[in-house]
Amino acid sequence: MAFDCIEKGLRSFFFNYGGFIAKHPFPFLLLPLVLSGALGAGLVFLIEEQSVENLYTPENGQAKTDRATVEELFAEHGDNNTLVTRLTRLGRSGKIIIERIDGGNILNKAVLEEILNLHETIMNISVMQNGQAYNFSDLCVKWNDGCNENAILSTYDYNASMLDSITLTYPIYSSNNEVSFLGGELGGVVFKSGSSDEVFSAEVMQLSYILRHQDSMDDQRSALWEDEFLQVVEAFNATEIRVTRQVSSTLETELDKASSNVIKDFSITFTLLITFSICSCVMLDWVRSKPWLAGCGVISAGLAVLSSFGLMGYIGVPYINVVGSAPFLILGIGVDDMFIMVAAWRQTDVRLTVEQRMRHAFSEAAMSITITSITDALAFGIGAITYFRSVRIFCMYTGVAVIFDYAYQITFFGACMALFGRREAANRHCMSCIKVKPKEETNSTAYKIFCAGGSKPSADQGGDFNDHALMTFFKKYYGPFITRWWMVILIIVLYLGYLGAAIYGCTQVQEGLSLRNLARDNSYAANFLDTESVYFKKYGPQVALVFTERRDVWNPIVQDIMEQTLAKVENNKYTFSEDQNLSASWLRDYLDFLNSINLREPTQAQFVDTLRDVFLTQPAFEHYSLDIVFNGTNIEASRFFVATKDLDTTDKERFMMTELRQIAEDSELPAIVYHPAFIFYDQYTAILPNTLQNMGIAVGAMLIIALLMIPNPICSILVTLAVASIVTGVIGYMTFWQVNLDSIAMTNLILCIGFSVDFSAHICYAYIVANRGSRQANIIHALYSIGMPIVQGSLSTILGVLVLAFTDSYIFRTFFKTMFLVISIGALHGLLFIPVFLKLTIPVKSRVEDSTSEMIIVDGVRMRSPKKHGEINTAMFPVPVDRQPKPAYGSSQVALRPVSVPYSISSRNSMAANTPLPPSLPSPEQDYLRDLGSVGSFHIPRARPMSAQSMRQDGFS
């Protein structure tokens, strides 16, 4: 199969590479340090980007296309000499929400006086630019040479004494032919008894100060004014009121602060991982323990982070807040790779030289981390094709970091492993590097406890016979326990329960990233957004219905079509109907005006001239000039506005937008609906298709990798099903943990696929190659081989992101929650569910001994040499007769030397790990055999030796 070619080729390469790096470790140690230092210098070029719109909304969102259309049609107004409701972008602004300290009625004279004092203070805020002072009246969005006012204050004529003399109605207040909408300025309104609109009391008041921003100089001044606004409002000394505040840049500032706080916690994670790694690599043997090597593994991952971030700085990829979580993830992945490398070293034969042990360790572990790195990097690469810029940038940083981590693991860490291998070979203490005695050579108890280590293995001992306690646990206790039939049935029931709960959770998932979740907990922004959500959701944004092409609007048929479309929008359950008088329709008011002047059935010229020269010059209708685009005697485009209601959940926001868009699309005239908030609502409709697309591509790619890794189609299908099961579980259970399906979760779901393949493919492959003669034995051996690295890797990854669980940012807590689910559910599958399903679905071949094989003796060790080709775990190179030493006994015509080990990280029972060169061979013969292993030469054997596994089955030592 193609897999055999790929696997054997890579294994052979790493076998030779391991020997090379063992001979020449220092170049591999120093070059990564120099490279990471050079790349790390790119950090000085790193630029930050915190724009919420650019990062967390889909780049191909329909709202952005619709906004371009609206701005092109109504470009002449811009953000100067216009109404706030006609703005096409959520530009610069300052907003405050005011409530009484005692929670009482805000419409109180003393309270209103304090509110007016605060308003006056805000109006007097002044900023300097180029030696010139600018206050709010110089920077505000104006209409008819005056700033857009807060309707509630203008209703009382900015005079608290007018409070008792005015009968306030809500949400519409009319006076002197002026109509004011108060739905967005008063909250918690209570009406007078027997009235449906007369206000008795209100709990909160919201005031907005909208600034110009389209001109670059105006934008700079407005940004300065926003900063001053926050300081002035915070410093305002109030006795009656409590004020929360927000400006347009608040969320960007919050994201920046959250990211900065997380970066400060990186040192905690680094310390945690070093401590965990050291503890995991310490044994009771002070020579074979490798605490400093574990520290080098963490440093290697840190170098990968440094190199990745520096490279992104050089090529101009901006740093965004969510990238702050990438170092934590990469440290976890890097430490996981380190554990695999150390596990492979542990399972090599202690009687071999450092070079030989490195060859075998690399042929096994490097292949493993190659597959892991491919799946992770591929997952991030697929994530980089998404339409969410935040996800794409995160995947670029992390994907490159994974590649650097892989490169440094097989260079820098490999060199460290070779150097520490030399220390071990010299029987030096793991902490002090001082030579010590083996335990059997000393009688001192204290020396045995604190100093002694290493040993002189006997000729029949193979491998590092000091198994880690966790490996022993999987082999002697856990594996036999879960393979009992009553446990198999219990595990199947447990899995069905897991899957059922996960599927139910998937049906309850909430889509989209709420703007509230971009603010830190207990920040001023969070307080403002929470209060706004409680009091100002009944009256939503005023959505524009825009007819985008020229039509004969004077024609009654066209008028009827426009009116019917508008009526359908008003009759939607998320909008206010016509009879509530909250819509703004120039056509309705103009037709009433024509009737009032007895101009019925006007010609086109009469219709347009009267509209432009008479109707729009009336003070009450002048604002409609913002909604009509003329071209001579034609109307090129026009728009109407409809008020929305009760948008208190993200689902309602999404449904409102999609249903109104459908109405516009179904109209007989070309039409669109638009509001600046739709830019953010688009994520609700785009997140699920983008997630499914990326996951579909990723699962397909991982299936191909599984087919290459595991030459068993049933196993490949099982791996794919396991990936789907893990992803389903993550999505379902994150719903129970109050995590939405948003761009942050999508990033982790993409990563989930890579990790899922790691968990499932390794255990499946270990099961296939175990060749223990029974399903139960194969499962036990696979858990013995893979269980410990899975546990260590899972714990290291969780520790890597653990600090994020305690941040005050929803984004980083979400990252931790989804990563925790990915790792825990993946480990659950790898250690519990998949072994059971393997036992139920994948048969194994019984081992049949070749009775026709002949016995050979090499240095007193009896071996069976099969005369027929059989399925063996390792290949061995025979030595031609003319190059063989002539032993004093035995009939051997061949000397044996293993050249590789299986991909599975367990090779303790393989010939590769357990059969050294016969110690009696003279140096020329050993050199010859080593050359064969290096160049991959094959010679026709006189006798075909069998694997060490088969020899042990026959009872030979």
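Helices and buried residues in a predicted model

Helix α2 passes helix α14 in a left-handed crossing, and the model in which this is seen is a predicted one.

Biologist: Which word describes how α2 and α14 lie to each other, roughly parallel, roughly perpendicular or oblique?

Modeller: Helix α2, residues 25-40, packs on helix α14, residues 389-425, at an angle of about 140 degrees, and the two axes are 8 Å apart. The contact draws on residues including F26, L29 and L33 of α2 and F404, Y408 and F412 of α14. Roughly antiparallel would need an angle over 145 degrees and roughly perpendicular one of 65 to 115. The two helices α2 and α14 are therefore oblique.

Biologist: How far apart are the end C-alpha atoms of helix α17, and what span should its residues give?

Modeller: Helix α17 runs over residues 485-507 and has 23 residues, which at 1.5 Å a residue should span 33 Å. That expectation agrees with the distance in the model, where the end C-alpha atoms are apart by 34 Å.

Biologist: Which elements do the buried residues of α17 pack against?

Modeller: The buried residues of α17 are M487, V488, I491, Y495, Y498, A502 and G505. In an α-helix there are 3.6 residues a turn, so residues three or four places apart point the same way. The buried residues of α17 pack against α16 (469-482), α24 (713-736) and α27 (810-841).

Biologist: Which backbone nitrogen does a side-chain oxygen of N108 reach at the start of α5?

Modeller: Helix α5, residues 109-123, has 15 residues and reaches 21 Å from its first C-alpha to its last, close to the 21 Å expected. Its buried residues include V111, L112 and I115, and the elements that the buried residues of α5 pack against include strand β1 and helix α8. At the start of α5, the side-chain oxygen of N108 comes to within 2.9 Å of the backbone nitrogen of A110.

Biologist: Is F755 buried or exposed?

Modeller: F755 lies in helix α25, residues 743-770, and beyond its neighbours up to four places away in sequence it touches L329, I333, D376, T797, M819, V822 and I823. Its relative accessible area is 5%, and a residue under 20% counts as buried. F755 is therefore buried.

Biologist: Which side chain is joined to that of Q129 by a polar contact of 2.7 Å?

Modeller: Q129 is in strand β2, residues 126-129, and is buried, with a relative accessible area of 10%. Leaving aside neighbours within four places in sequence, Q129 is in contact with Y134, M217, Q220 and R221. The polar contact of 2.7 Å joins the side chain of Q129 to that of R221.

Notes: Residues numbered from 1 in each chain as written. Predicted model: local features only at pLDDT ≥ 70, side-chain atom pairs only at ≥ 80, totals over all residues. Heavy atoms only, no water. Helix = DSSP H or I, 4+ residues; strand = E, 2+ residues; numbered from the N terminus. Expected span 1.5 Å × (residues − 1). Buried < 20%, exposed > 50% of the residue type's maximum accessible area, 1.4 Å probe, protein only. Contact = heavy atoms within 4.5 Å. Polar contact = N/O pair within 3.5 Å; in protein donor to acceptor, adjacent residues only side chain to side chain. Axes fitted to C-alpha atoms, helices over the stretch in contact; angles between N-to-C directions. Parallel < 35°, antiparallel > 145°, perpendicular 65-115°, else oblique. Left-handed = near helix turned anticlockwise from the far one by under 90°.
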